[in-house]
Number of protein chains: 4
Amino acid sequence: MELDLAIRGGTVVTASDTFHCDVGIRGERIVVLGENLRAQREIDASGLLVLPGGIDSHVHIAQPSGPGVVMADDFASATASAAAGGNTTVLPFALQQRGTSLRACVEDYRRKADGECYVDTAFHLIVSDPTPEVLGQELPALLKDGYTSFKVFMTYDDLVLKDRELLDVFEVARRERALVMVHAEGYDAIRYMTERLEREGRTAPYYHAVSRPEIVEREATHRAISHAELVDVPIMIVHVSGREAMEQIRWAQSRGLKVYAETCPQYITLTAEDLQGPDMDMSGAKYVCSPPPRDEESQAAIWEGLRTGVFQTFSSDHCPFRYDSPAGKLHPNGKTSFRWVPNGIPGVETRLPILFSEGVSKGRISLNRFVELTATNHAKIYGLYPRKGSIGIGFDADIVLWDPNRREVIRQEILHHGADYTPWEGFEVTGWPVTTLLRGQIVADGGRIVGAKGAGRILARNVSAYAASIGT
Amino acid sequence: MELDLAIRGGTVVTASDTFHCDVGIRGERIVVLGENLRAQREIDASGLLVLPGGIDSHVHIAQPSGPGVVMADDFASATASAAAGGNTTVLPFALQQRGTSLRACVEDYRRKADGECYVDTAFHLIVSDPTPEVLGQELPALLKDGYTSFKVFMTYDDLVLKDRELLDVFEVARRERALVMVHAEGYDAIRYMTERLEREGRTAPYYHAVSRPEIVEREATHRAISHAELVDVPIMIVHVSGREAMEQIRWAQSRGLKVYAETCPQYITLTAEDLQGPDMDMSGAKYVCSPPPRDEESQAAIWEGLRTGVFQTFSSDHCPFRYDSPAGKLHPNGKTSFRWVPNGIPGVETRLPILFSEGVSKGRISLNRFVELTATNHAKIYGLYPRKGSIGIGFDADIVLWDPNRREVIRQEILHHGADYTPWEGFEVTGWPVTTLLRGQIVADGGRIVGAKGAGRILARNVSAYAASIGT
Amino acid sequence: MELDLAIRGGTVVTASDTFHCDVGIRGERIVVLGENLRAQREIDASGLLVLPGGIDSHVHIAQPSGPGVVMADDFASATASAAAGGNTTVLPFALQQRGTSLRACVEDYRRKADGECYVDTAFHLIVSDPTPEVLGQELPALLKDGYTSFKVFMTYDDLVLKDRELLDVFEVARRERALVMVHAEGYDAIRYMTERLEREGRTAPYYHAVSRPEIVEREATHRAISHAELVDVPIMIVHVSGREAMEQIRWAQSRGLKVYAETCPQYITLTAEDLQGPDMDMSGAKYVCSPPPRDEESQAAIWEGLRTGVFQTFSSDHCPFRYDSPAGKLHPNGKTSFRWVPNGIPGVETRLPILFSEGVSKGRISLNRFVELTATNHAKIYGLYPRKGSIGIGFDADIVLWDPNRREVIRQEILHHGADYTPWEGFEVTGWPVTTLLRGQIVADGGRIVGAKGAGRILARNVSAYAASIGT
Amino acid sequence: MELDLAIRGGTVVTASDTFHCDVGIRGERIVVLGENLRAQREIDASGLLVLPGGIDSHVHIAQPSGPGVVMADDFASATASAAAGGNTTVLPFALQQRGTSLRACVEDYRRKADGECYVDTAFHLIVSDPTPEVLGQELPALLKDGYTSFKVFMTYDDLVLKDRELLDVFEVARRERALVMVHAEGYDAIRYMTERLEREGRTAPYYHAVSRPEIVEREATHRAISHAELVDVPIMIVHVSGREAMEQIRWAQSRGLKVYAETCPQYITLTAEDLQGPDMDMSGAKYVCSPPPRDEESQAAIWEGLRTGVFQTFSSDHCPFRYDSPAGKLHPNGKTSFRWVPNGIPGVETRLPILFSEGVSKGRISLNRFVELTATNHAKIYGLYPRKGSIGIGFDADIVLWDPNRREVIRQEILHHGADYTPWEGFEVTGWPVTTLLRGQIVADGGRIVGAKGAGRILARNVSAYAASIGT
Ligand SMILES: [Zn+2]
Ligand SMILES: [Zn+2]
Ligand SMILES: [Zn+2]
Ligand SMILES: [Zn+2]
Ligand SMILES: [Zn+2]
Ligand SMILES: [Zn+2]
Ligand SMILES: [Zn+2]
Ligand SMILES: [Zn+2]
């Protein structure tokens with residue numbers, strides 16, 4: 001058996017196992033794991049971890065974000081950044097704008113992505129306008145075409161679904177076995193808080209955090225869980241930020257409900273104080289995202305959830321804007337009120353180093369749990385398994401070689417995203433991606449992008465096992 | 001690379017992954033996973049699952065069980081039964097009898113096991129007499145020799161430790177990084193209940209269950225957790241039977257305490273009613289074990305714990321006695337009171353089929369969780385990993401070929417243990433072990449034992465990763 | 001000191017105390033408690049309990065209930081029924097209809113009540129249309145006029161407030177120190193369930209209960225609590241029906257939130273099965289109320305809440321319709337779907353006997369807790385204290401003489417309400433009101449109304465102590 | 001009706017009600033409540049609250065406390081101090097010393113108390129040696145004689161009961177309807193911690209608190225609750241110090257168990273830091289009591305328990321030792337280790353002002369709850385009701401006139417106890433007892449004791465309603 005490539009001498013890590021062996025690749029797939037494999041091309045991985053490429057199931061790319069606002073990444077820069085950060089698949093969103101066809105939106109996003117991606121890409125849908133046509137025809141058809149998950153929002157002017165719409169959407173998801181991702185923050189409560197703060201003249205970016213306290217997230221989480229329980233459909237609560245929402249999810253899980261949960265780097269490393277900047281100035285806008293980061297007690301809670309299995313996935317919620325730009329964080333309206341500051345932070349490139357360093361290197365989670373949280377569970381939950389998400393025979397040769405001992409300081413200048421800053425400027429980590437391979441080809445190496453633009457494919461996905469009734 | 005054996009065409013399952021491939025074995029170890037492997041000897045596994053051999057980390061073999069009582073299995077029969085049931089490693093106990101040296105007890109058990117075993121075997125210790133000598137010298141020395149876990153009892157006349165003894169033992173465990181297994185039922189409460197029942201003339205085997213209600217298990221569980229929290233040492237609560245104790249464990253886990261838990265087949269399939277027999281007669285003695293089985297609500301609770309990760313291991317607590325024997329369940333004293341009925345049931349051979357059938361076939365847990373609960377986590381928790389517990393390069397070739405579709409009725413006549421009955425007589429299962437390989441050699445095949453007595457080794461174990469401070 | 005009336009030889013009971021003494025009344029008030037009091041008129045209360053007259057803080061009288069539907073009670077019949085059942089004060093609602101002035105509605109209700117009442121009456125408001133004018137002017141003005149509490153609805157087509165409206169209303173309540181009563185059932189979820197059931201042809205009255213499961217009540221309860229926490233305002237969750245909602249309330253209380261709760265006779269004595277009637281026929285309509293009665297486990301939960309203090313008040317939610325009438329339960333539309341069956345049951349006359357019999361006579365709650373739940377707390381919470389709600393010097397002489405040993409069977413023929421049935425037909429009770437006195441005058445005696453129509457006054461109320469920040 | 005005494009113009013407060021009236025007394029009892037009462041003697045109470053005299057159901061008087069240690073109060077000084085602090089009844093303990101007859105102990109205490117008391121006194125028993133004779137004969141006989149409650153200890157060398165003894169004692173309590181008070185701290189865990197601290201040289205008084213962390217109290221509380229649940233007997237957990245134990249009690253109560261709870265002034269005002277003294281010196285001994293005070297978060301938890309009804313009583317746990325005395329806190333052994341510092345602090349005189357000021361004046365609890373927690377519930381729970389505990393017809397005229405606005409600074413020089421210090425030196429309070437009447441006679445007035453030594457009676461008590469099955 002001729003191999004095209006052998007990765008030799010490394011330590012293979014899966015979501016459950018860790019062992020030393022060589023990895024043999026033919027074409028795009030892993031075909032053999034063994035000792036002393038030889039191939040035409042060989043990579044010396046001694047001293048390195050051989051991990052499944054990161055899958056980031058929550059990124060926003062080239063999404064319209066309001067008048068005059070431009071997202072800092074297109075598909076080329078976002079996926080290059082992902083690759084440099086050790087990822088081989090990203091799942092961005094195809095956002096339906098109200099009054100438009102969902103199918104047309106999807107086509108539009110595909111067009112933007114086509115030929116641009118450095119890593120594999122698969123779209124979630126965002127349903128913002130669940131008309132009978134969307135629910136009855138477009139959505140079922142798109143699900144059959146491999147768009148097997150979609151996100152709904154309980155807040156944002158242009159996206160919020162009413163409770164009845166949520167229920168109707170859940171019912172379609174149940175029937176069609178789609179996995180629904182829920183952005184759980186309560187629209188009315190945020191509006192109420194925002195107007196109150198504005199009346200009081202409290203408009204600095206910091207008040208973004210005050211306008212969306214944990215109560216608001218907890219209430220929406222409880223509401224989403226209750227609706228899902230009523231309809232009897234599994235849901236994924238994305239970007240959980242702190243103890244209050246997490247307790248609701250844990251309570252639901254302990255009652256046997258199929259409620260899954262995701263958290264993100266910002267909720268274990270940042271706090272609301274970061275939004276204050278040095279002097280309650282606009283620099284706090286760099287940290288404006290939703291839900292906002294909370295406090296240290298919440299970070300501890302999130303770690304407990306990561307350890308005990310409340311959370312299944314750890315994603316970036318990459319949603320990049322330039323800071324020093326009128327089309328970004330310094331949008332002129334943002335100076336009048338936090339409500340106009342674009343919501344979101346870049347993070348696709350730093351997700352893996354942050355969790356590795358804070359989690360594995362500091363002894364909070366095991367190496368296997370790291371792989372599970374950053375790759376395997378994403379593949380399983382979103383219907384990419386067993387093509388993606390692990391190192392085993394037949395899997396795509398999506399691999400990142402990881403140096404567990406390398407110390408690095410996160411700085412904007414070493415990153416590849418389109419944003420002009422990183423919220424983690426100066427953050428020190430131990431553990432760093434050395435080489436990223438996509439289906440057997442090196443995409444990123446030593447901090448440089450060496451893959452071809454367009455080498456990343458746009459994937460159709462299977463129905464999620466998590467959306468079915470089997471135990472997981 | 002020459003292979004001694006190739007298992008071809010099966011579906012390999014690990015605690016996280018499932019994929020089709022061949023497994024190549026040289027000597028005693030797995031050396032290659034790949035497609036189209038050829039070897040001198042080949043096994044056709046098409047249509048079968050290729051699972052890591054079961055590890056049963058809680059079995060009792062040839063243990064003294066009171067005057068005139070004889071355990072139904074010696075090491076030969078117990079390990080043959082284990083092999084037939086798809087297991088490749090068992091962890092019995094070396095029980096210290098009060099007033100004796102722990103080291104001497106261990107040597108005694110080793111002698112009994114030596115040359116008798118069909119599968120690999122590693123001993124836990126049971127500390128019943130924590131003298132300064134035992135705590136200061138024998139225990140640390142034995143831990144260094146590879147007896148890295150031990151069990152303590154909160155009940156049973158000859159075994160119970162006082163709270164202070166528990167605390168002292170926990171302190172040694174903390175210092176020496178041993179994993180302590182706790183039998184959590186409260187001695188005084190059981191005595192109180194037993195005497196009350198006896199005074200009332202309620203002495204049939206059924207009252208064994210009444211004498212040890214869930215309160216008694218819950219209280220001891222809380223007490224063990226509190227002591228462990230005070231000393232700051234991880235513990236494993238074994239054979240958890242129902243919701244009450246489980247809620248204590250979940251509460252502890254959610255507070256970040258390192259409290260692990262095990263459950264057993266009896267707690268998902270039997271109930272206290274089974275102890276009633278057809279007519280409150282002695283036949284109920286067949287189901288006398290401690291803690292006793294509870295009710296259906298408790299079974300549902302245990303399933304929730306299995307799904308959500310409260311439990312890390314699923315063991316048999318195999319503890320076999322003959323039913324129709326004065327040295328077994330029908331011991332003459334047992335007719336005067338349930339308290340003299342030997343405690344324990346046989347189960348090492350039926351553990352895997354029961355969990356597979358009730359769990360995987362009925363859609364309650366995934367195949368990967370099955371492997372994790374029955375093999376991988378046992379190896380990780382008890383210091384046998386990465387030699388044992390998974391299918392990967394370098395692991396011992398401990399493998400069971402499993403037919404997921406085979407329907408079978410559990411009957412005494414097809415089992416290999418030394419007991420003269422099974423509590424699951426007539427129980428129908430879907431999924432059955434076809435062939436068991438120990439380090440590359442077939443031990444059991446098609447229900448027959450084909451391995452050599454003495455082929456099973458007595459293993460020393462590493463320190464448990466779970467007894468250390470790293471996240472798991 | 002001359003007394004107009006002495007009640008002699010009874011046992012006085014307050015929310016905390018029980019002692020034997022005579023009660024001396026001059027004019028409308030209690031002026032002396034002592035031994036051997038003499039007066040012009042004397043009532044022999046030996047063998048009887050002397051209780052503060054019941055206060056029913058949740059009754060609906062002469063409320064518009066949809067096209068073609070007529071409530072079975074006007075103010076005369078409702079208050080006569082209340083008096084016969086041992087009550088001396090009732091708190092009905094003045095319901096704002098959308099598009100109308102709140103003040104005008106209030107005047108309208110007052111007109112209907114004026115000169116008609118047999119017992120004292122004070123109105124809560126129902127805010128269904130929180131326009132800026134209502135919130136900014138009418139509501140504050142009405143609160144100052146003694147309408148110090150109001151109810152809001154989270155369901156019902158004509159009444160439901162959106163979340164933002166709830167928040168705005170809460171903010172007014174906070175500023176003006178009004179107590180907000182919340183009907184917590186989720187509108188959208190009920191609509192969703194109703195339409196689903198109708199599509200499936202499940203339209204019998206029983207499906208009313210199915211359309212409003214506990215999840216729906218729990219979710220709305222959590223939402224109301226969260227909104228109240230955000231605004232920092234006390235709220236009263238009315239008519240709590242079962243464990244799910246109750247657990248949310250208990251959780252809120254244990255976190256220090258000022259969340260109060262009420263339950264009703266239907267939730268400790270009826271179940272959803274009652275809605276099935278003998279044969280899933282229209283007779284189930286007799287039990288249609290919202291939230292619907294649940295099951296026996298829920299009844300047990302409610303009792304725990306009554307014992308441990310989760311609930312502060314026990315009210316009837318009297319909302320009477322005739323059964324055998326096209327303007328009542330047999331409204332023609334109701335035969336096409338449960339959704340058109342008028343919601344509500346009569347209960348003002350049976351509330352006290354049911355709680356006394358099931359609670360006090362059966363040993364579930366103490367006599368003092370009975371008084372607290374049926375009179376004292378109503379007065380305290382709704383600003384009638386210390387004029388109403390207890391037996392002490394200076395209180396209105398609102399008294400019911402109660403025979404704790406009298407056994408009675410509840411039957412329609414002995415009741416005084418305007419409905420043509422009682423949901424408790426045939427229900428046996430121990431304990432019965434013998435004589436009711438309103439401000440020193442006998443209103444009901446031996447089952448007959450002897451008071452004067454119009455003797456009942458319409459009361460203004462003080463600000464609730466529970467709406468302020470003081471501990472309670 | 002001639003009155004001997006009229007208290008005029010005050011505001012009477014009971015556990016449920018507050019109203020203005022005069023209180024008329026004839027002989028020892030309250031015979032009339034009314035307006036404008038005249039009597040031979042009159043007290044002007046205008047501007048004052050007229051409260052039931054405080055009942056302190058947890059005080060230690062003249063109890064042996066170890067070799068060379070002498071309690072600072074005899075019955076004369078303790079009851080004088082109680083009277084000055086607004087109390088009219090105290091419940092000290094008659095402690096059985098091991099190897100002695102319980103009856104003889106009781107007689108001994110009675111002798112010491114006889115003719116010495118300024119306020120009424122009733123003894124609890126302490127059972128430290130539950131021999132068959134004690135359980136079978138003495139205890140039942142004493143219960144019949146009016147010693148209807150007793151305390152058991154889960155710690156202290158001379159007092160600790162083993163679990164089995166606890167269960168046996170609980171069974172007697174159940175049968176005889178006695179109320180068992182439980183000192184819940186775990187003996188073995190404390191011993192373990194103490195020895196560990198001593199080995200490390202950490203022997204200052206502060207380490208008393210470290211040796212008894214909340215875990216130890218929580219574990220014992222859970223254990224006591226479980227045993228009580230097993231036997232089905234109500235229990236009272238005394239002197240609960242913080243959140244951990246309280247959560248166990250709340251959990252038990254919410255499951256319908258009859259578990260009552262008491263807390264004390266030290267747990268809402270002191271913290272473990274007080275034991276550090278200015279410099280980790282012996283002055284910390286002034287605050288050594290068990291359980292030790294915790295931290296501010298625990299204080300907040302205790303307040304929540306006081307508000308929401310987890311706690312039924314608020315007692316002092318008065319247990320006075322002189323500080324500057326070799327027979328007290330500066331016992332020579334105490335300098336070698338905290339374990340020899342006598343456990344206990346004086347507090348009978350300061351209990352009411354502290355709770356009034358911190359609770360009522362600061363708006364945390366209502367006036368009625370204050371009365372309930374300090375008088376009424378004590379009488380009800382310990383079988384003194386309806387003779388004691390409220391202001392109503394027929395009650396003993398045990399009354400304290402209370403100035404709600406008087407500001408006072410607690411200082412040793414104004415107190416009447418036998419100790420030479422108060423832990424609350426310099427603590428400012430708003431609200432102070434002005435005059436204390438025992439059965440119609442003034443005992444304390446304006447800070448001076450004016451009653452007669454021996455005027456206090458030794459009371460027999462009824463069976464506790466809380467020890468029976470009725471709801472409370
Ligand atoms: Zn989102
Ligand atoms: Zn997002
Ligand atoms: Zn065991
Ligand atoms: Zn065992
Ligand atoms: Zn309502
Ligand atoms: Zn209503
Ligand atoms: Zn104590
Ligand atoms: Zn004490």
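Before the first stop, a term you'll need: a helix crossing is left-handed if the near helix is turned anticlockwise from the far one by less than a right angle, and right-handed if clockwise. Also keep in mind that what you're looking at is a predicted model.

**Stop 1: a helix pair in chain C**

Select residues 243-254 of chain C, which is helix α8, and then residues 296-308 of chain C, which is helix α10. Their axes sit 9 Å apart and the two pack at an angle of about 25 degrees. Angles under 35 degrees count as roughly parallel, so α8(C) is roughly parallel to α10(C). Now put the definition above to work: the crossing of α8(C) and α10(C) is left-handed. From α8(C) you get C:R243, C:M246 and C:R250, while α10(C) brings C:E297, C:S298, C:A301, C:I302, C:G305 and C:T308.

**Stop 2: the zinc pair in chain D**

Jump over to ligand 7, a zinc ion, and show what surrounds it. Which protein atoms are its donors? They are NZ of D:K151, ND1 of D:H183 and NE2 of D:H239, lying 2.1 to 2.2 Å from the zinc ion. Along the sequence, these donor residues are spaced K-x31-H-x55-H. Colour by secondary structure here: D:H183 belongs to strand β14 (residues 179-183) of chain D, whereas D:H239 is in the loop between β15 (235-237) and α8 (243-254) of chain D. That pair is 56 residues apart and links distant parts of the chain. Buried or exposed, D:H183 and D:H239? Both are buried.

Next, select ligand 8, another zinc ion, 3.4 Å from ligand 7.

**Stop 3: strands in chain A**

Finish in chain A with strand β18, residues 399-409. Start from its pairing with strand β7 (residues 49-52): the two run antiparallel and are joined by 4 bridges. To find your place along that pairing, pick A:V50, which stands opposite A:L401 in β18(A). Then bring up strand β19, residues 428-438 of chain A. β19 also pairs with β18(A), again antiparallel, through 8 bridges. Click A:W402 and look across to A:P433, its bridge partner in β19(A).

Key
Residues are numbered from 1 along each chain as its sequence is written. Chains are lettered from A and ligands numbered from 1 in the order in which they are written. This is a predicted model: local features need pLDDT of at least 70, side-chain atom pairs count only at pLDDT 80 or more; totals for chains, interfaces and linings use all residues. Side-chain values use heavy atoms; hydrogens and water are left out. Two strands pair if DSSP finds at least two bridges between them. Donors are N, O and S atoms within 2.8 Å of the metal (3.2 Å for Na, K and Ca); water is not among the atoms, so sites may look incomplete. Buried means under 20% relative accessible area, exposed over 50%, partly exposed in between (1.4 Å probe, protein chains only). Axes are lines fitted to C-alpha atoms, for helices over the stretch in contact, and angles run from 0 to 180 degrees between N-to-C directions. Angles under 35 degrees count as roughly parallel, over 145 as roughly antiparallel, 65 to 115 as roughly perpendicular and the rest as oblique. Contact means heavy atoms within 4.5 Å.
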